[in-house]
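Reader: I have just opened this one and would like to go through it slowly. Could you take me through it piece by piece?

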Amino acid sequence: MNRLIPLACALGALAAATALAQQPRSAVEEIERYRAALGDGNPAELWEARGETLWKEQRGPKNASLERCDLGLGPGVVKGAYAVLPKYFPDSDKVEDLESRLVTCMVTLQGLKPEDARKDPFGGPGKKVPMDALVAYITSQSRGMTMNVALNHPKEKEAYEVGKKIFFYRAGPHDFGCVTCHGADNQRIRLQDLPNLMKTSDAQRAYGSWPAYRVSQGELRSFQWRLNDCFRQQRFPELEFVSPASIALTMFLARNSNGGVFDAPSIKR
Amino acid sequence: MADPMKIRAAMAGDKVEVKVLMSHEMESGQRKDAKGQTIPAWFIQNVTATHNGRTVLSAEWGPAVAKNPFLSFRFAGGKPGDKVVITWTDNHGDKRTDEATIA
């Protein structure tokens with residue numbers, strides 16, 4: 001990877017020099033070029049491969065694989081499943097996103113205790129967790145599909161409304177809400193442009209680009225991680241993994257991306 | 001045991017283009033953990049690529065190569081259906097060999 005970065009930088013410098021003679025290229029375009037240069041060897045593929053093995057591997061007290069897990073399109077159907085999540089599941093009688101559903105299947109199929117299934121939600125230095133790999137594999141099977149999240153069941157509607165409330169709710173020491181950064185055009189943190197999630201095109205592009213391999217962290221980051229880190233940046237209390245609040249907010253954002261093309265796991269700076 | 005590599009090999013004109021993703025921490029030995037202890041160096045030292053038993057690439061790597069490295073190179077003399085074998089060895093002596101068929 002480090003061979004690529006200097007190369008990308010060198011290309012960038014060359015392009016910048018050429019561009020000066022013609023017309024200035026925006027920082028956004030340069031970042032896009034950087035992503036394109038890295039995208040060819042996206043390490044997310046390593047997580048996808050590991051996730052596929054884990055999906056089929058017999059694990060847990062019941063020594064069972066997850067292959068019979070119903071992700072929303074019927075038991076064992078992985079292709080396109082992420083594009084319809086979150087959704088209401090009659091067996092658990094709640095709205096579930098992918099991570100929550102995987103926890104449910106680890107409990108019901110593999111016999112894990114709920115607290116054990118939820119215990120290691122995110123990887124870190126020297127720590128690889130099954131959840132990240134499973135998320136990478138399952139989301140990769142929806143790449144290129146159109147987001148199609150339903151809002152039929154009363155609990156789905158309720159989750160959407162709760163998610164909307166959380167999105168607009170301002171609190172914490174900075175009196176921040178999601179909407180503070182994601183409710184207007186052309187907002188940014190340092191050089192990172194922030195999507196205006198009130199706009200359909202931005203909402204579709206943003207939701208369709210997670211999970212992602214974060215080059216700066218060397219990790220595959222799930223959507224649950226994305227929300228958890230947004231809460232941290234807002235100085236909110238920690239967003240609990242697969243909590244109803246996290247699923248409701250995911251529901252709000254996923255539903256608003258309906259009609260957009262899902263294109264992840266992606267790669268980010 | 002290290003995770004498998006992802007290897008793609010395809011014809012690019014009259015040459016074979018190989019793209020390899022390796023799963024490795026590539027710890028530089030320069031970083032410290034939360035307790036202030038140095039995290040020991042742990043990185044891939046040697047990478048070799050062979051085509052029909054002939055070495056087409058041999059590299060010595062150091063701690064400055066990033067985590068989960070991506071390697072891309074081209075060589076002459078391959079044809080579709082041939083096998084390309086990649087091996088890496090790290091400074092712990094851990095080894096990983098994977099192969100791909102040229103498309």
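Reader: What order do the strands have in the open sheet of chain B?
Author: This is a predicted model, in which local features need pLDDT of at least 70, side-chain atom pairs count only at pLDDT 80 or more, and totals for chains, interfaces and linings use all residues. The open sheet has three strands in the order β1-β2-β5 (chain B), with antiparallel pairing; strands are DSSP runs (E, at least two residues; helices are H or I, at least four), numbered from the N terminus, and two of them pair if DSSP finds at least two bridges between them.

Reader: Which are the edge strands?
Author: They are β1 (6-12) and β5 (70-76) of chain B, each of which pairs on one side only. From one strand to the next, the twist averages 15°.

Reader: How many bridges join β2 to β5(B)?
Author: Strand β2 (residues 15-21) of chain B is joined to β5(B) by seven bridges, and the two run antiparallel. Val20(B), for instance, has Leu71(B) in β5(B) as its bridge partner. Residues are numbered from 1 along each chain as its sequence is written, and chains are lettered from A, with ligands numbered from 1, in the order in which they are written.

Reader: What does the secondary structure of chain B come to?
Author: Chain B has zero helices and seven strands.

Reader: How many residues does the contact take from chain B and from chain A?
Author: It takes 15 residues from chain B and 11 residues from chain A, where contact asks for C-beta atoms, placed from the backbone, within 7 Å. On the side of chain B that touches chain A, β2 and β5 of chain B are the elements that give two or more residues. The residues of that side divide into seven nonpolar, three polar and five charged (Ala, Val, Leu, Ile, Met, Phe, Trp, Tyr, Cys and Pro are nonpolar, Asp, Glu, Lys and Arg charged, and the others, Gly among them, polar).

Reader: Switching to chain A, at roughly what angle do the axes of α3 and α6 cross?
Author: The axes of helix α3 (residues 44-56) and helix α6 (residues 130-140) of chain A cross at roughly 100° and come within 7 Å; axes are lines fitted to C-alpha atoms, for helices over the stretch in contact, with angles from 0 to 180 degrees between N-to-C directions. The two helices are therefore roughly perpendicular to each other, a label for 65 to 115 degrees (under 35 is roughly parallel, over 145 roughly antiparallel, the rest oblique). Residues making this contact include Trp47(A) and Trp55(A) of α3(A) and Leu134(A) and Tyr137(A) of α6(A).

How values were computed
Two residues are in contact if their C-beta atoms, placed from the backbone, lie within 7 Å.
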